[in-house]
Amino acid sequence: MTYPTYTQQALCRYNLPRLKRIAAERGVTPTGDKRATETWVNAIITHQSTQLQKVDNQALAQAELDNYIADQAQAVAPEPLTIVEISFSDHEYYADDKLVASIRHDDNLTQPWVVMVNDKEVFRANTLMRCDRFICTHYKDGSLPVQEQLATPCTTENQIMAHIFNECQNYGFEILNDGIYNNNGVKLGQVGCTDGNWWVKRRCSGQQQYSNSVFDAVRSLSMVDTSLAEPVHKYLQHRPLEQLTTEELQQLLSAEVANCEQLLDLSFEQLTAQNWQRLREPVTA
């Protein structure tokens, strides 16, 4: 039960019977001369101070408990991860701006989805959602391996081109002025690095997409569908000769020689007038 709080000045105005009644309501029993009003006033004031101190202590304890619960809740349930979809087969998970883990897709028939941390496989499943649940659950309970934050891999244009060239060599790709081509002369797209961030622009989409590394960027080009793409020599035929580099001129000439060699294998009835004209033109490799 809550009682009003009296000041000492207010209590001093009350007579002895009123002071005894106030003390009795609060369960206060003074020590000293019970015939003196001062004894009862001091007892009531002391009792009130003790009760106020208890209230303050309880409020402080409750505030500390509330803060502790909030801290524990934050530790148990951290901020949700941000998912960046690089492509259908590549996803990255971030806490703020820190990479936590990534999901890749490979050729495994039963469990093609793979969780990667520090370029190492830590989990594999048959669906993307199982990998998602693995990352979120183990990040939440703190059991997910810590992803090392890589330093910026490229600082100059020459270094960037060296990284791209080395990766393209692994796939037999060729780098020309306008992009990367496969060994059939079909343009696949472009790869670059801006402000330390690798990106890829695939021929089929034409949109620049973020990539985790130069390895992932070039690898994504290897998956470009080239069945309907135009070979590079077809593309070069529409460009003015003065705009072609020595390398591009050699490619165009080699393509013409190869086409003429194919015409030589045709029978007389299969050759058109245009074919005859091309065979009659002098072409040297």
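Modeller: Buried means under 20% relative accessible area, exposed over 50%, and partly exposed in between (1.4 Å probe, protein chains only). Leu52 sits in helix H3 (residues 37-76); helices (H or I, at least four residues) and strands (E, at least two) are DSSP runs, numbered from the N terminus. This is a predicted model, where local features need pLDDT of at least 70 and side-chain atom pairs count only at pLDDT 80 or more, while totals for chains, interfaces and linings use all residues. Residues are numbered from 1 along each chain as its sequence is written, and side-chain values use heavy atoms, with hydrogens and water left out.

Biologist: Why does Glu148 count as exposed?

Modeller: Its relative accessibility is 54%, so Glu148 falls in the exposed class. You'll find Glu148 in the loop between helix H4 (128-140) and H5.

Biologist: What makes a set of residues a nonpolar core?

Modeller: The members must be buried Ala, Val, Leu, Ile, Met, Phe, Trp, Tyr or Cys residues, joined through side-chain atoms within 4.5 Å. The largest nonpolar core here has 15 residues, and those touching the most other members are Ile164, Phe173, Ile180, Val191, Trp198 and Leu221. Helix H5 (157-171), strand E8 (187-194), strand E9 (197-202) and helix H6 (214-221) each put in at least two residues, with H6 giving the most, four.

Biologist: Which residues does Val191 touch?

Modeller: Leaving out residues up to four places away in sequence, Val191 touches Ile164, Ile180, Trp198, Trp199, Val200, Ala217, Val218 and Leu221. Contact here means heavy atoms within 4.5 Å.

Biologist: How do you know that E6 and strand E7 (residues 179-181) pair?

Modeller: Pairing takes at least two DSSP bridges between two strands, and three bridges join E6 to E7, which run antiparallel. Ile175 stands opposite Ile180 in E7.

Biologist: What is the strand order, and why are two strands called edges?

Modeller: The open sheet has five strands in the order E6-E7-E8-E9-E10, with antiparallel pairing. Strand E6 (174-176) and strand E10 (208-211) each have a single partner strand, so one side of each has no neighbour in the sheet.
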